[in-house]
Amino acid sequence: MEIINKLLTKSLYIRGLQCKKSLWLKLNNSGVLKRPDDSSLAIFSTGDKVGSLACGLFPDGKQISYDNTARDERIALTSKWLSEGVETIYEATFEFDGVLVMVDILNKDANGNYEIYEVKSSTWSAKKPKVKDVYIQDASVQYYVLSGCGLNISKASITLLNTDYVRGDKLDIRQLFIHQDITADVKTLQDRVSIHLNAFRRVLSNADQEPDIDIGRHCKKPYECDAFDYCWRGQRQIPEYSVFNIFPLTKKAKSLELYQRGIVKVEDIPTDMELSDKQQFAVDSAKYASDGKAEIDKPAIQSFLDSLTYPLYHFDFETFQQSIPEFKGLSSYQQIPFQYSLHIENKDGFMEHKEFLGIEGTDPRQALVERLVRDIPLNVTMLAFNASFEQIVLKGLAKQFPQHKEHLLNISNNIIDLATPFQNKHYYLPEMKGRYSIKIVLPLLVPEMEKAYKDLDLIHNGGEAMQAFAMLGEITDQDQVKRYRGSLLEYCKLDTRAMVEILNVLKSAVE
C-alpha cells in the first residue's frame with residue numbers, strides 16, 4: 001500500500017469513505033485537524049467501558065492486549081489462539097490487503113465458522129431498530145480482512161445498547177445488549193471494499209499533493225469531520241454565520257447552491273429567493289445588523305410579564321447520563337438529574353436561593369425529588385430557559401417516583417419558558433441572528449455575566465458539570481472532591497442568577 005510502511009486501519013477506512021481529503025490530512029498533515037475535546041474523550045472512554053462489559057456476553061474468551069504490544073505480536077497471538085481452537089477472542093487482530101483490523105469479539109460457532117460482533121456504545125430500540133450505515137461499513141471491512149485471511153465468517157453483527165431494557169436490582173447484560181445481524185448487508189458490500197481501497201491508494205500515492213475536494217454535506221455526515229474548521233474557515237473562508245445557518249445542509253440544500261454561486265454571507269442572499277417567514281426574518285436581521293438596533297415589542301413583553309405571578313421560582317436542572325445504567329429503574333443514556341438551583345424572587349425584589357447537589361457515587365434521584373417537593377410548593381410560577389428540558393426530566397421523575405407524581409407534574413405544568421420572548425422575536429437584537437439559546441442571549445443582554453462564567457473554578461458549562469459529577473465517585477482525594485462540589489454549586493447557582501438578570505432586562509424594556 002502506498003503509504004510507506006503505514007497500514008490503513010478500520011477507523012481510517014471509515015474516514016476515507018466520508019472524505020478522501022480527510023484521510024489524506026490524517027496521514028500527511030494531521031496538525032490542521034481539531035484535537036479531541038473533553039467531550040470526545042469522554043465518548044471514547046464510554047466506548048471502552050461498554051466494549052469491555054460486552055465481552056461478558058461470551059465469557060471465558062481470551063483477550064489480545066493492545067497496550068505495550070506490537071502489531072505483529074497481536075496478529076501472531078491471534079493466529080496462535082485460532083490454531084489452538086480458542087472459541088472466543090476479544091480484540092482479535094488481522095491484517096490483509098494493507099488493512100489492519102481488531103475485532104471486538106470473534107466467536108467460533110457450532111460449525112467451526114466464525115462470528116464477528118462489533119460493539120458500539122450507541123443505542124437500539126424497537127421504535128428505531130435500523131442500524132446506522134456507517135456501522136455496516138465498519139463491519140464490512142472487518143469481514144473483508146478476515147475472509148482474506150482465510151476465515152469462514154458465518155455472521156456479522158452490531159452489538160448495541162438496548163434502551164428498551166430497564167435495569168432491575170441487578171444488571172442483566174443479556175438484556176442490556178442486543179445483537180443486530182447485518183451479515184447480508186455486509187456481504188453485498190464486499191466488492192465495494194476493494195474498490196474503495198484502490199481509490200484510497202491513488203489519493204495517498206502522493207504525500208505532497210493535498211486532494212482538491214470541495215466542502216459539502218459529507219463534512220458532517222456521518223460525523224462532523226475534525227478538518228471542518230481547516231476546510232470551511234481556513235480554506236473556503238465560510239463565516240461563522242453564513243447561508244449554511246439559514247438552510248440546513250441536506251442533499252439538495254439551497255445553501256450549497258448559493259455557495260456554488262459564490263454567495264456565503266446571509267446578507268447577500270438574493271431578494272427573489274423563496275424563504276420561510278423564519279428564514280426571511282433571519283436574512284433581514286443580518287442585512288440590517290449594522291445599525292445594532294433592538295426590536296422590542298413592548299405590548300408582547302408586557303403580556304409575558306403579566307403572566308408571571310410572584311414569588312417566581314427561577315429553576316435549572318443539571319443532569320448526567322450512564323451508558324451502562326448503574327441504578328435501578330434506569331435505561332441507557334437516560335437523563336439523571338443530580339443537581340438543581342432555585343432563585344426565588346419576591347414581588348418586592350427580595351431574593352432567596354435554594355440548591356441541591358447529590359452525593360457522588362450514589363443514585364441522586366430520590367434525595368433530589370424529596371428536597372424538590374419541599375423547596376417548591378404547589379401552584380407556583382416556575383421559570384426555566386428552554387423549559388422543555390426541565391419538563392422532560394420532571395415527567396421522567398414522576399414516573400419513577402409515583403408517590404410524588406402529582407407534585408412533580410404540578411411543577412412541570414407551571415413552568416413558563418423564559419426563552420419565549422426571544423424565540424418569538426418580541427425582544428430581538430440583530431446579533432442574535434435568529435438564535436435564542438441562553439448562550440446567545442445572555443452575553444448580549446447581560447455582558448458582565450459572560451465574565452462571571454469564565455471566572456468560575458473548574459466548571460464553566462453544562463457539559464463540564466455532567467462530566468464532573470459522573471467522575472466524582474472515582475476521585476479519592478477528598479479535597480479535590482470538595483473543590484469540585486463547590487464548583488458545581490457555584491455554576492448551577494450562576495445559571496439561575498442569569499435568568500433573574502435576563503428577566504430584569506425584559507422588565508426594563510417596558511418601563
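Guide: Let's start with a cut-off: when the angle between two axes is over 145 degrees, they count as roughly antiparallel. Keep in mind, too, that what we have above is a predicted model.

Visitor: Fine. How is a pair of packed helices described in general, by what two values?

Guide: By the angle between their axes and the distance between those axes. Take α19 and α21 here: the packing angle is about 180°, and the axes are 11 Å apart. With that angle over the cut-off, α19 and α21 are therefore roughly antiparallel to each other.

Visitor: Which residues make the contact?

Guide: From α19 you get Met-449, Ala-452 and Tyr-453. On the α21 side there are Tyr-491, Leu-494, Asp-495, Arg-497, Ala-498 and Glu-501. By type, the contact of α19 with α21 has six nonpolar residues, no polar ones and three charged.

Visitor: Now another pair, α2 and α8. At what angle do their axes cross?

Guide: Roughly 55°, and the axes come within 10 Å; α2 covers residues 20–28 and α8 residues 190–204. That makes α2 oblique to α8. As for handedness, this crossing is right-handed.

Visitor: And which residues of α2 and α8 meet?

Guide: Lys-20, Leu-23, Trp-24, Leu-27 and Asn-28 of α2 meet Ala-199, Phe-200, Val-203 and Leu-204 of α8. Sort the residues of that α2–α8 contact and you find seven nonpolar, one polar and one charged.

Visitor: Let me step back. How many helices and strands does the chain have?

Guide: The chain has 21 helices and 14 strands. Its C-alpha trace spans about 80 × 60 × 40 Å along the principal axes. Out of 511 residues, 48% count as buried. If you take contacts between residues at least 6 apart in sequence, 68% of them join residues at least 24 apart.

Visitor: What about the largest nonpolar core: how many residues does it have?

Guide: It has 73, and the ones with the most contacts inside it are Leu-8, Phe-94, Leu-106, Leu-146 and Ile-269. Helix α5 (residues 133–148) gives the largest share of this core, with nine residues. Apart from that core lies another, of 47 residues, including Leu-312, Phe-338, Ile-502 and Val-505.

Visitor: Pick one residue for me. What does Leu-146 touch, leaving out residues up to four places away in sequence?

Guide: Leu-146 touches Phe-94, Val-101, Val-103, Leu-106, Ile-116, Leu-151 and Ile-153.

Visitor: Is Val-243 buried or exposed?

Guide: The cut-off for buried is under 20% relative accessible area. Val-243 has 0%, so it is buried. You'll find Val-243 in helix α10 (residues 243–246). Not counting residues up to four places away in sequence, Val-243 touches Ser-255, Leu-258, Ile-263, Val-264, Lys-265, Val-266 and Ile-269.

Visitor: I'd like to see a buried helix face. Which residues of helix α18 are buried?

Guide: In α18, residues 438–445, they are Ile-440, Val-441, Leu-442 and Leu-445. Among the elements covering these buried residues of α18 are α17 (420–423), β14 (427–428), α19 (447–454) and α21 (478–509).

Key. Residues numbered from 1 in each chain as written. Predicted model: local features only at pLDDT ≥ 70, side-chain atom pairs only at ≥ 80, totals over all residues. Heavy atoms only, no water. Axes fitted to C-alpha atoms, helices over the stretch in contact; angles between N-to-C directions. Helix = DSSP H or I, 4+ residues; strand = E, 2+ residues; numbered from the N terminus. Parallel < 35°, antiparallel > 145°, perpendicular 65-115°, else oblique. Left-handed = near helix turned anticlockwise from the far one by under 90°. Contact = heavy atoms within 4.5 Å. Nonpolar A, V, L, I, M, F, W, Y, C, P; charged D, E, K, R; others polar. Core = buried A, V, L, I, M, F, W, Y, C linked by side-chain atoms within 4.5 Å. Buried < 20%, exposed > 50% of the residue type's maximum accessible area, 1.4 Å probe, protein only.
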